Each structure stands twice: as C-alpha cells, then as structure tokens.
Amino acid sequence: MKASVTDKLKILADAAKYDVSCASSGSKRNNKNKGLGNATGMGICHSYTEDGRCVSLLKILLTNHCIYDCAYCVSRKSNDIKRVAFTVEEVVDLTINFYRRNYIEGLFLSSGIFKNADYTNERLIRIAKKLRNEHNFNGYIHLKIIPGASPEVMREAGVYADRLSVNLEIPSERSLQKIAPEKDHKSVYTPMNWLKEQIAENREDSRKFRKTPMFAPGGQSTQMVVGATPETDHHILNLSASLYKEQLLKRVYYSGYIPISEDERLPALKQAPLIRENRLYQADWLYRFYGFEVNEIIDETQPNLDLEIDPKLGYALRHLDQFPVDVNRAPYEMILRVPGIGVKTAQLIVKSRKYGRVRYEDIKKMGAAMNRAKYFIEISGRPLPAASAVPERIRHEIIYPAKKAQLTLF
Amino acid sequence: MKILYDGSFDGLMSVVFDCYEQKMVPTAIIKMHKYQPEMFDQVQTVETNAEKTKRVIDGLHKKMTSNAFNQLFKAFHSEFDDIELTIFNYIRLVISTKGYIGTDYRQEPILRIKQVVKMMNREIHRMHAFVRFQLTVDGIYAATVNPDFDVMPFIGEHFRKRYADQLWLIYDVQRDYGIYYDMQKLQTIHIENPEWTANKKIKDSLLADKEKSFQNMWQQYFSSTSIAERKNMKLHLQHVPKRYWKYLPEKSA
Ligand code: SF4
C-alpha cells in the first residue's frame, strides 16, 4: 500500500526528531520581490514540544532508507522498521503551506543515505532550489550535509540554504569507529573545513562587491551525541571550543543519547542524560557569551560537570578568592561572573551606577537571583553577611535552601 | 487628586499638559470607562486637546531620545492600572533632571517602564509565534487572537514583511479590532457582527477546502516531533501557557 503524506510525516518527523538543532536565527535573507517569507534576525519558536523543545522548523528526513548501520540511530540498516520516502513535491508543498499558516520559520531537511553521500545531498538540494526559485521562498532552510560530500555539491547547497551542518555525531574517532563503522571523523572535518573556507571567502567578497550572492548566510553548525560513548565533559567542551575557534561554527548542539536501540555496541542506559546535556549547554553558553575559557569551566582533575549545580556557580565556588565582587566598581566582565546575575541584570547595573551608588534593593529589583548572588557580591566596601562562608557551605545552602516551614520538630 | 481621561495615549499627553499648567499632583490617572467612584475621591476630568498633546510630545522629543519616547508609547499599551501614573512620573523625572537620566534604573518609574516594555515585547513575540492563519473561502489567511496586552499596533510590520504575497487578517477578539493586509498596505479594521464560533474562532464553514487537512498534518507533525521519553509538561507549559492553546491547532485538537 502506498503511504499517505500524513503517514510519511509521522515516520519521517519521528526519525528526524533526535537531531536537536532547531535554531533558525542568524540569517539575512530579506523578502525581496514581494515573495513569501523573511529570514532576518531572530528565529521564532512557533511551538514547543511536550518535552519543552522549540519547534521552529519543519524538521524531517527525506527518507529513512539508509545503507549505513550506526548503532545510535533508528534508521540504521539493521533496524526492522517501515521505510518511506517523500517526493520532492511533497516536501515543497508541506513547507509552503505550513509557512503560510505561520506554523514554521522554514525547513530543516536531513536524510538517510541512499546510494551514496552525493546522490543523497543532490536530492536535498533539489528541494531547496525549488523552494527558492519556483516559489520565491525566503524562509529559513537548513540542509544537512552528508559526510563525504563533494565540493561541487556543497557549493550548490550553500547557494540555496541558510545554514548547513555536518554532524560529528560521536565526540571521538575511536568511539565512532565502534558504533558507526562506516563513518570516520575525516569525512566530517573535510566538508566542514571546506565550508569554513567558502563561507569566509564569501563574507570577504560581499564586503568588496555589493552584488555577491549569499553563501550559507547562517553559517554552519554540528551536533554530537552525548552519553552513548565514554567521552568526558572535559573532552567534549574542549572539542566544542576548537570547533568554534577552528571551524568557526555558529553552534554546537549536544544531544543526550536516548536509548532507542538495544544494540550491544551501546551502553544500557535507563534514561537520557538530560541534566548532563543541560549542563553542557550552560557551559557552552559561558564559553560563548560570558567570556569564560574552557579551562575555567572544567579541568582534568574533575573531568565531568557537577550535575547538582550550574557551571557558573561551580566556577565561583572554586575561585572564591575572586569574590566578593563590588557591584559599584568591578568591571562588567566580573559582574557577569557572579552567580545569579545574567547579562541583562549586569547591563542594568553598570548603566545605573553611573548615576550613583547601586544598592542591594536596586540589584534585586533589576532581576538578580539574590539567593545565589548574595554570597558573591559586596556593595561598595561592605560585603553582604553571606559572603564570608566556605564553599561547601554555600553549595549546601544553595542546593538545599532552608525550608522554614519544615523546621518544626514533630 | 484622581484624574480621568479618555484612555488614549494622546489623552494622557493632554493630562500631562494640564497637570503642569495647573500644578496638579495626580495620585491616579484613570481611563474614564474604568473609573469606579470611591468615597472622598477628588476627581478631575481632562479633555483631550490636540494642541496640548502636540506641545507635550514636541517638548518630550527635545528632552529624550525618540527610542525612549517609543518605549513610553509601547508601555502605555500594556493597559496596566499603574501605567499612566508611571509614565507621568517618568516624564516628571525627565523634565526635572538636568542631563540624561533614561538609564538610571535605580529610579522606580524608569525601571518599571523598562520592565513593562519587556513584558510587551514578550507578548509581541508570542504573537509572532502563536498566530495561526487559516485559509478562508475568500482566500484570506485569517487568525483570531486574544493577547494579554494591546499589541496589534506593534505586530503588523513583522507579518507584512513575511507574508507580502498573501492576503491576511489578524483579529484581536477581545479588543475587537484587527489588522488587515491587502497585499499593498496594512489597515486597522473593525468587523461588525463577525462570524466567529462561541470560542471566537473562525467558523469551519468559512474555511477553504484543504485547510483542515493541513491542520491535521501539522498536528501529526507536532506529535511525531515530540520525544516521549523526555516529556516535561512543566517546561512545556512555561513556553506555551494554556491561555494560548485555543488558537493553536496543535494544542486544541
Ligand atoms: S547514516 Fe545517518 S541515517 Fe544512516 S544510520 Fe547513520 S545516522 Fe542513521
């Protein structure tokens, strides 16, 4: 029996859902010629799944047929599941109609590998091309580049897509070999590095010549599965840092491994390492936006992030000598390092203190989480009483805040 | 002294004018239709006057950046009970202070405006996210909404840029007006006797042929893209509060 579009959607959205990247921001595709869509500025989450993830793009596989056998993937060849494939027209039609109803920001298209990498990539590109050229579509398009793609194919992909991604999948070559025998890191790094050069060249050209056509204006990203293999957070965060620095990636995504298969190549996890995944994102955030170096967030002596407290608090507790921070005098960068004070509050503080002393109440009203911040700040020469405590005690008090009501003895 | 006015932003600017001219110190500034008399109330009603309004706005533009002024305008649309007095106090601070004061968040009204604008922006963002168009038999992509604040004046441009090649309508069912785009320009419109369902949704009989089937596919997509093993309804509700569900096909099926 032929599968209906709804049936295919069910299977191919389900198979694509483990790819966590959903961001649709960072592009500069204007609506020109009164066409459909606009992908400038911030991406929008149009809905949230029941697990709390952003739904921004129509994220599907073109097909779940695959010639490979990666242990962590539902679409692996050896898995006994129903196989279906969308036609090019079906994907185009869904994208346009979902977009017109304001359900989505655009399309995130990936696929199982049929025949070989380039054959698969060409199909994906055909869809993007049709959307752009025949439907005047200016919404967001993220195309997955299948490892091993040739430069000719990637060059075309970059013309039609906003963002491209080649997934690293497993954080070390050795582990990758074990659970995805057909893959290696070289087939990932080669296209990644090629894309990096192309993107850099394109930005350079568009500075010089106004009419330069865009090439992947949203840059490139990647994803790693966390918890399926034994790599430490120390290893993972250093890897991410090098991907940001060397490959100039826009984002690295971490996907807590969900035990979907009983493949003996994988650990028998009971549930996905969700807290660990969350801590990795927090650490990634500190690295990208808070001016932390990786070795300040994590070192080899404790190679995994503390699951009970966030990495910024962890840093502060390990470096109590740097605190308390004087909110009226310290540089912005230092205020940003105070647990409980985020970017917005830090900005309000430094703007306001130009007019006069900022007081405890002011900081509180400006949005600081005082239950944490109080241990690490001082107000012009007068540290708050809480600031003298020892790290273990602060840690304990923050994790187990005294519940007054429960202090009655009987 | 409680001051009553017609509830428009221009009206509030006239209030500012009269307060300065007549040296009145308001304890509350209230929209006429919202006022409920209380004992011992001292009340004064201010008429909106185009000339006075203009003089206040021109004066403010000399004392503050146009960005800061737009923030006041935006905050006004939050419809909070304290917003008029907060704006009044903000203006008083600006006028009485030498030099720029717009970022001294130690000052109550300045921080409050900043925070209200943040709430407004969040609601505007939610409309960008949660508007769901339905294609009607007359070829209009139409959506009904019920936002927390009066955000219609701030969302048109976003949708015009995005849906330049389709007719669309977004209607605030509670405030009973909306914006309509005719593929040339945006218009504010009020619909007499609209044909909504009891739920203030567009009647099924008005929907185009394939509309329901796309909604069904969207529902299918939404449920397939969730990961059951990671279900976290607390987080889900935080992102998509229940009051918005009514107009989201993926949540109201
Ligand atoms: S190549 Fe991709 S789709 Fe195929 S089994 Fe590996 S991860 Fe899954």
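Predicted model: local features only at pLDDT ≥ 70, side-chain atom pairs only at ≥ 80, totals over all residues.
**Notebook: salt bridges and the domain contact**

Residues are numbered from 1 along each chain as its sequence is written, chains are lettered from A and ligands numbered from 1 in the order in which they are written, and side-chain values use heavy atoms, with hydrogens and water left out.

I then listed the partners of B:Arg175 in salt bridges (a side-chain nitrogen of Lys or Arg within 4 Å of a carboxyl oxygen of Asp or Glu). One is B:Asp172, with the closest N and O atoms 2.9 Å apart, and B:Asp172 is itself buried at a relative accessible area of 0%. Another is B:Glu79, at 3.1 Å from N to O; B:Glu79 sits in the loop between α3 and α4 of chain B and B:Arg175 in the loop between β6 and β7, so the pair ties together parts that are 96 residues apart in sequence (helices are DSSP runs of H or I with at least four residues, strands runs of E with at least two, numbered from the N terminus). B:Glu79 counts as partly exposed, at 27% relative accessibility.

Next I turned to chain A, which is divided into domain 1 (5-297) and domain 2 (311-408), with bounds from an automatic or database domain assignment. The centres of the two domains, taken over C-alpha atoms, are separated by 38 Å. Between them about 810 Å² is buried, of which carbon and sulfur atoms give 63% (the accessible area, 1.4 Å probe, that two parts lose on being put together, summed over both). A:Tyr290, A:Phe292 and A:Glu296 supply 64% of the area that domain 1 buries against domain 2, more than any other three residues.

Across this interface the rule finds 1 salt bridge. I also looked up the salt bridge between A:Glu296 and A:Arg337, at 3.0 Å from N to O; A:Glu296 lies in helix α9 and A:Arg337 in the loop between α11 and α12, 41 residues apart. A:Arg337 counts as buried, at 10% relative accessibility.

Terms used: Buried < 20%, exposed > 50% of the residue type's maximum accessible area, 1.4 Å probe, protein only.
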